[in-house]
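Please have a look at it first.

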Amino acid sequence: MKTILLFAALLLATPSLFAQSAAYKEAMTAALETMKTQSQKTPLPEMLATANQFERIAQAEAKEWLPRYYAGLLYVYAGFMGKDAAEKDRYLDQADRFLKEAEGISPKNDELSVLKAYIAQARMVVDPMNRWQTYGPAFEEAIGEAKALNPANPRPYVLHGSSLYHTPEQFGGGLSAACPLLTQASEKFATFKPASELHPNWGQKNIEPLLGKCAK
């Protein structure tokens with residue numbers, strides 16, 4: 001109980017407290033630990049509560065892009081989980097807001113380009129027939145941007161390969177199109193080192209089931 005109260009106090013703390021590096025790292029680590037326990041089966045309110053944790057850290061840390069990045073990423077997940085198109089778009093509007101704030105702090109950031117691609121993908125999935133012409137090119141552009149900014153980052157290859165895997169073959173997708181990119185992602189994960197324990201390091205588990213099908 002004391003631990004919970006301490007964490008709650010940290011999240012409600014003043015900006016001056018969060019300005020202390022140790023407090024920032026502690027709050028971020030706690031929020032990331034919560035995030036790691038969540039999946040697509042997590043109830044949406046719980047996921048949004050975690051996004052709110054990151055948002056409170058972001059409000060206290062004007063110069064940090066990572067809490068905005070994770071808040072945006074969670075709103076992308078919410079964008080896939082919303083009950084209808086309007087609700088999904090509202091969550092993705094929030095993801096866009098956090099992306100823009102993070103880009104203002106850290107321009108030309110490959111992880112933010114990946115987030116931009118993820119938002120475009122989620123926007124397209126809301127209504128593929130009517131949105132692919134807008135968000136398909138936006139997805140490709142952001143993926144290309146991320147690869148150019150950091151060729152060692154596996155996450156653009158995770159998103160690109162996963163997207164092709166779920167795209168029908170008659171539209172250029174399918175297993176044969178996806179597997180080379182998924183394999184590249186796997187190879188890059190073998191050597192990729194995040195800049196710190198707080199930096200993005202997701203994606204390997206996402207592609208493992210797909211890579212299993214590539215091997216058959």
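This is a predicted model: local features need pLDDT of at least 70, side-chain atom pairs count only at pLDDT 80 or more; totals for chains, interfaces and linings use all residues.

Let me begin with helix 9, residues 155–165, and helix 11, residues 204–214, whose axes come within 11 Å and cross at roughly 50°; axes here are lines fitted to C-alpha atoms, for helices over the stretch in contact, with angles from 0 to 180 degrees between N-to-C directions, and helices are DSSP runs of H or I with at least four residues, numbered from the N terminus. That angle makes helix 9 oblique to helix 11, because under 35 degrees would count as roughly parallel, over 145 as roughly antiparallel and 65 to 115 as roughly perpendicular, with the rest oblique.

Residues are numbered from 1 along each chain as its sequence is written, and side-chain values use heavy atoms, with hydrogens and water left out.

Which residues meet between helix 9 and helix 11? From helix 9 they are V158, S162 and Y165, and from helix 11 they are N206, I207, L210 and K213, where contact means heavy atoms within 4.5 Å. Of the residues in this contact, four are nonpolar, two polar and one charged, with Ala, Val, Leu, Ile, Met, Phe, Trp, Tyr, Cys and Pro counted as nonpolar, Asp, Glu, Lys and Arg as charged, and the others, Gly among them, as polar.

Leaving aside neighbours within four places in sequence, Y118 is in contact with L73, V76, Y77, F80, L159 and W202.

That brings me to the aromatic pairs, of which the structure holds eight, a pair being rings of Phe, Tyr and Trp (its six-membered ring) with centres within 6.5 Å, stacked if the planes are under 30 degrees apart, edge-to-face if over 60 and tilted otherwise. The rings of W65 and Y69 have centres 5.8 Å apart and planes at 80°, so this pair is edge-to-face. The rings of F80 and Y118, with centres 6.0 Å apart and planes at 55°, are therefore tilted. Since F80 lies in helix 5, residues 66–81, and Y118 in helix 7, the pair ties together parts 38 residues apart in sequence.

Technical notes
Helices (H or I, at least four residues) and strands (E, at least two) are DSSP runs, numbered from the N terminus.
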